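Please keep the sequence and the 3D view at hand while reading the points below.

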Amino acid sequence: MFEKILIANRGEIALRIHRACREMGIKTVAVHSTIDADAMHVRLADESVCIGPAPARDSYLNIHALLSAATITGADAIHPGIGFLSENANFAEMVEEHGFAFIGPTADHIRVMGDKVAAKRAVTGAGLPVVPGSDGAVATVEEARALVQRIGCPVLIKATAGGGGKGMKVVNHIDEVDEQYRLARSEAKAAFGNDEVYMEKYLARPRHIEVQLLADTHGNVVHFGERDCSIQRRHQKVVEEAPSPALNKQEREKVGMLASRTAKLLGYRGVGTMEFLYEDGNFYFIEMNTRLQVEHPITEAITGIDLVREQIRVATGAPLGYTQEDITFEGHAIECRVNAEDPDTFAPSPGKVVAYHPAGGLGVRVDTALYAGYSVPPTYDSLVAKLIVYGATRNECLMRLRRSIEEFVIDGIKTTLPLHQRIISQNEFIDGQYDIRWLENKLKDGSL
Ligand code: ADP
């Protein structure tokens with residue numbers, strides 16, 4: 001077992017990893033930028049190292065500073081968390097070259113899955129269905145036009161290096177191809193430093209269904225069921241639930257089996273998530289995230305398994321020690337992503353938290369690094385808290401979620417809590433009848 005883990009991240013996820021480490025008797029090293037000196041993840045860690053100024057490229061993305069911090073503190077492993085360097089294959093490689101364990105998959109798996117064209121090819125080879133589209137990157141606008149003519153509108157242009165919904169453009173009419181193609185490439189270049197794009201049929205009303213996977217280094221793979229992440233804005237998740245209200249038992253088993261079989265064929269290790277679009281009873285693979293997901297707590301709630309603990313355990317080389325049949329699902333869980341944003345305009349709302357009182361009680365979990373007096377810096381992601389609520393049934397979960405939002409106080413900054421209350425009060429949400437376009441449409445027509 002590891003004795004000391006350096007957590008190469010900040011905010012609620014750094015705290016989440018710290019908690020798993022402490023419960024396993026592992027010491028933690030926090031790293032922080034100058035602006036995060038009084039952050040909760042720094043306060044709770046056994047040791048902390050300042051790795052640079054506020055901009056992420058100078059601190060949380062500064063590989064040399066992170067490796068130096070791990071060396072001087074004598075850490076034996078590095079956990080990359082979510083975002084920042086968590087899907088950077090070079091980082092994973094350098095961590096191992098410097099003699100630390102990387103708590104994540106191999107650099108090769110990160111590389112393949114980080115290139116969405118390569119990822120689609122890899123999983124197609126393993127027998128997974130994908131959204132119909134270009135066979136690889138689309139290098140010229142002429143190629144893009146020909147493809148639109150072949151598969152018909154609407155078509156989605158996506159960045160090969162994509163993430164966070166960036167670099168995606170919809171083509172609704174053949175006349176729009178040139179402009180959308182150019183826009184997608186320049187957005188991809190700005191966001192990822194790589195302007196390669198590919199194209200897919202733009203599915204009309206799919207749901208986003210993803211499968212949580214865990215693999216050890218001995219070839220054992222299990223899945224922890226699905227999450228429904230169809231409540232999205234700008235292709236980014238807002239609310240997630242597990243299990244999906246749209247799947248029946250056969251579909252649930254089918255997608256879980258498809259995903260874990262593919263991960264096994266690919267020789268994957270660690271935690272990972274395969275994302276699918278689900279429409280008319282069919283699943284189409286869209287991508288695999290080779291890291292922990294923001295929404296992992298809802299899976300923990302319905303399986304009773306600490307995924308970060310499992311992630312650390314398999315990184316030591318330990319075998320899973322259980323099989324798919326040992327994993328059971330109970331109840332229902334929903335997560336609301338609470339962002340420091342105006343709930344009506346989505347404008348960022350950093351600043352000082354003057355009062356903080358989290359929701360509590362049976363079945364309520366709040367993952368956050370906020371405290372009264374803390375100043376949310378304007379520099380990083382706007383996610384400041386995750387409200388995760390569990391109930392024996394979906395209805396119990398919804399009732400509990402409603403009262404949890406009512407009692408959750410974060411004063412001084414604006415947050416998306418009021419938006420969440422509106423979302424979960426809609427009849428379509430209560431009935432589980434929504435798809436990836438539902439929230440955007442509601443926001444557009446002002447009926448939320
Ligand atoms: P990113 O890595 O940027 O998050 P994904 O490929 O995971 O990109 O897609 C993010 C979201 O975009 C999906 O959850 C879905 O809402 C939407 N999306 C992606 N591909 C398609 C498609 N072919 N048709 C319709 N919606 C799509």
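Val29 has Glu47 as its bridge partner in β3. This pairing belongs to a predicted model. The chain of this model is divided into three parts: domain 1 (4–85), domain 2 (132–201) and domain 3 (207–445).

- Strand β2 (residues 27–33) runs parallel to β3, and 5 bridges join the two.
- Both strands belong to an open sheet of 5 strands, whose order is β3-β2-β1-β4-β5 and whose pairing is parallel.
- At the edges of this sheet lie β3 (47–52) and β5 (101–102), each of which pairs on one side only.
- In general, the strands of a sheet pair through backbone hydrogen bonds, in either a parallel or an antiparallel manner.

**The contact between domain 1 and domain 3**

- The centres of domain 1 and domain 3, taken over C-alpha atoms, are separated by 23 Å.
- To their contact, domain 1 contributes 31 residues and domain 3 contributes 24 residues.
- About 2,000 Å² of area is buried between domain 1 and domain 3, and carbon and sulfur atoms give 62% of it.
- Of the area that domain 1 buries against domain 3, 31% is supplied by Glu12, Arg16 and Ile82, which is more than any other three residues supply.

- On the side of domain 1 that touches domain 3, the elements that give two or more residues are α1 (11–23) and α2 (40–44).
- Helix α1 provides the largest share of that side, with 10 residues.
- By residue class, the side of domain 1 that touches domain 3 consists of 17 nonpolar, 6 polar and 8 charged residues.

**Salt bridges**

- Between domain 1 and domain 3 there are 3 salt bridges.
- Arg16 and Glu300 meet through their side chains in a salt bridge, with an N to O distance of 2.7 Å.
- The structure as a whole holds 35 salt bridges.
- Arg252 and Glu226 also form a salt bridge through their side chains, at 3.0 Å from N to O.
- This pair links distant parts of the chain, 26 residues apart: Arg252 lies in helix α9 (residues 249–265) and Glu226 in strand β10 (residues 221–233).

Terms used
Residues are numbered from 1 along each chain as its sequence is written. This is a predicted model: local features need pLDDT of at least 70, side-chain atom pairs count only at pLDDT 80 or more; totals for chains, interfaces and linings use all residues. Side-chain values use heavy atoms; hydrogens and water are left out. Domain bounds come from an automatic or database domain assignment. Contact means heavy atoms within 4.5 Å. Buried area is the accessible area (1.4 Å probe) that two parts lose on being put together, summed over both. A salt bridge is a side-chain nitrogen of Lys or Arg within 4 Å of a carboxyl oxygen of Asp or Glu. Helices (H or I, at least four residues) and strands (E, at least two) are DSSP runs, numbered from the N terminus. Ala, Val, Leu, Ile, Met, Phe, Trp, Tyr, Cys and Pro count as nonpolar, Asp, Glu, Lys and Arg as charged, and the others, Gly among them, as polar. Two strands pair if DSSP finds at least two bridges between them.
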